[in-house]
Amino acid sequence: MKLLRKNQESKNLSNSYLLKGESFFVKSFKRFRKHKLAMFGLIMLGIVIILSLIIPLFNSLSAFELNFSEVGQRPSWKHPLGTDNIGRDVFARLILGGRVSLAVGFVSVLISTSIGIILGGIAGYKGGIVDNIIMRLTDTMMCFPYLVIIIVMVAVLGPSLYNTILAIGLLSWTGTARITRGQFLYLRELQFIEADISLGIREGKIIFFHILPNAFSPIIVSATFNMANAILMEAGLSYLGLGVQVPTPSWGNMLGDAQSVTILEIMPWMWIPAGAMIAITVLSVNFIGDGLRDALDPKMKL
Amino acid sequence: MPVLLKVKNLKVHFETYEEYIYAVNGISYTLNSGETIGIVGESGCGKTVSIMSLLRLIDMPPGKIVSGTAIFEGKDLLSIPQKELQKIRGNKIGVIFQDPMTAFNQVMTIGDQLIEGLIEHKGMSKKKALEEAKRLLDIVGIANPRERLRDYPFQFSGGMRQRVMIAIGLICQPKIIIADEPTTALDVTIQAQIIDLIKQIREEFGTSIIWVTHDLGVVAGIADKVMVIYGGYIIEEAPVDMLYNNPKHPYTRGLLASLPKIEGNDRKRLDYISGQPPYLNKLPKGCPFEPRCSYRIEKCAQENPMLTIRNIEGNHRVACWLGLE
């Protein structure tokens, strides 16, 4: 008790030297804001997301309705981006397609990152034979030409939006798994993990609440780049007719619909917007990824 | 004083692809409740391994506990299942680590790291646990404990982190604290503060302490009993005054002679023990200290005295063929 009293006295002395608490993520966000390209990407992606979420609620034009009296019209007040070769409004399809593409991006990244974290985490933490089995499985997955597998998967399961998401998600976890494993291998040797064990904390808790947050930065970065890839992959699959099926619009199958020379030459409003949206979205996501990589790198002190 | 922990014939070896390391080769000792044991020795002599293996905190594999028992509250720490051991770690036996810079999780607040043991072992609610954490921080001398619970480890200086680490070690009020060179990474003034703190805590909580260090000065200040380890063996064990005033083993004598002394004015070179500590990839036939020992006799190279540690005058144990006076 003597001890307590002594400390109470010294307590009144010290206050001014305290650093104000700023967590790692607050700091990182401050660094992120200084990254101009990344902020540009964030704003662009934000606009794309908001537009594709909000506009369909107000838009009177249907993305599905065929109107044979208005086939292949130029952009006008009625149809801001014209109509396609069977009379559907391109603007409405573009916006709805944005929902689809972004959904594919987010959900498939959610799937692939979860798988990657779980497998990579177990491999890295357990080590030894478990690590060997999981990582050889990963290597094997990486060896397959992914497009061919996706084509087979889609062919077996049947092409649809959900199967596309599933196929992309189930195939693109390898990079994340490797990164997670590398981080875990490094982190589990650090003394604070030994300290956790010495405190009698359960293994699951150590893996997910102690090691994982420390490994988050590279995982977030890789997830961002994976998202850009997933959007591209969806576009590619839909273009080939293996992804999202008509009449559901997606940027990829809008491009796919515009494959004939006549459309390419005389109706550019059918494909330029979709192509541009893919480019803008993927570019924005990549910029954000770049920014995150710089902002989350603890060695960078901007 | 009742016996709290009884370690008997503990052997810990490491087996890698290249070689087999005999890190700890059969050490036995008892820790009474309220007692502080100091374990001293050179780098790589098996100090840390010998205590960390009690809680199985060494990497296994490559490490393995070859033999031995460590009876704590009627249970053998070395053979109980992992699940039961987990309930003892942090709860009944706390650990304070050497380097306060690396033993914290950088992305969790101090408060969250403090309360984990309480939530895990005592089943406290988060709110109650934070109250307790605040009290502990106050005891170890952190100003503004309530505010500082929300801070991250990098916002603390080295000495303060070591204080927080002591608080973490103490939070479940363990019976034993294992301190693995807790002052080595700190500068001397902070060292003195931490030692004072641990002494006060020992008085207040009645905790037993196993204190590992290579700093003989620190041990003299805090321990009741000192064990000197060499080559994975205990070569001498005695109450602290007896060991410092009347060391019986040539190695202990050498260690004490190599310390700088405050009294006296003769500016002569410090003594040293020539040679290197043994590389533990094979067990010596004779005494592991024989190659470096200036008192050696023929028997030393033939038979290992470590296997038959002798009791001379009460609590003073020494493993040497010579009866040095």
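Two strands pair if DSSP finds at least two bridges between them, and strands themselves are DSSP runs of E at least two residues long, just as helices are runs of H or I of at least four, all numbered from the N terminus. With that in hand, let's start in chain B, where a hairpin joins β1(B) to β2(B) through four residues. Strand β1 (residues 3-15) and strand β2 (residues 20-32) of chain B run antiparallel over 10 bridges, and B:Val3 stands opposite B:Asn32 in β2(B). β1(B) also pairs in the antiparallel sense with strand β4 (residues 63-72) of chain B, over eight bridges; here B:Val7 faces B:Ala70 in β4(B).

A word on what you are looking at: this is a predicted model, in which local features need pLDDT of at least 70 and side-chain atom pairs count only at pLDDT 80 or more, while totals for chains, interfaces and linings use all residues. Residues are numbered from 1 along each chain as its sequence is written, and chains are lettered from A and ligands numbered from 1 in the order in which they are written.

Stepping back, chain B holds 11 helices and 12 strands. Its radius of gyration is 21 Å, close to the 20 Å that the globule rule gives for 325 residues, so chain B is as compact as a globular protein of that length (the radius is taken over C-alpha atoms, and the rule is 2.2 Å times the number of residues to the power 0.38). The C-alpha trace of chain B spans about 65 × 55 × 40 Å along its principal axes. Of its 325 residues, 47% count as buried, which requires 20 or more other C-beta atoms within 10 Å of a residue's own, with C-beta atoms placed from the backbone.

Now for the meeting of the two chains. In all, 24 residues of chain A are in contact with 31 residues of chain B, contact being C-beta atoms, placed from the backbone, within 7 Å. On the chain A side, the elements giving two or more residues are α1 (2-11), α9 (191-198) and α10 (203-239). The largest share, six residues, comes from α9(A).

Within chain A, finally, look at α4(A) and α5(A). Residues of α4(A), A:Leu119, A:Ile122, A:Ala123, A:Gly124 and A:Lys126, meet A:Gly128, A:Val130, A:Asp131, A:Ile134 and A:Met135 in α5(A). These contact residues divide into six nonpolar, two polar and two charged, where Ala, Val, Leu, Ile, Met, Phe, Trp, Tyr, Cys and Pro count as nonpolar, Asp, Glu, Lys and Arg as charged, and the others, Gly among them, as polar.

How values were computed: Contact = placed C-beta atoms within 7 Å. Buried ≥ 20, exposed ≤ 12 C-beta atoms within 10 Å, placed from the backbone.
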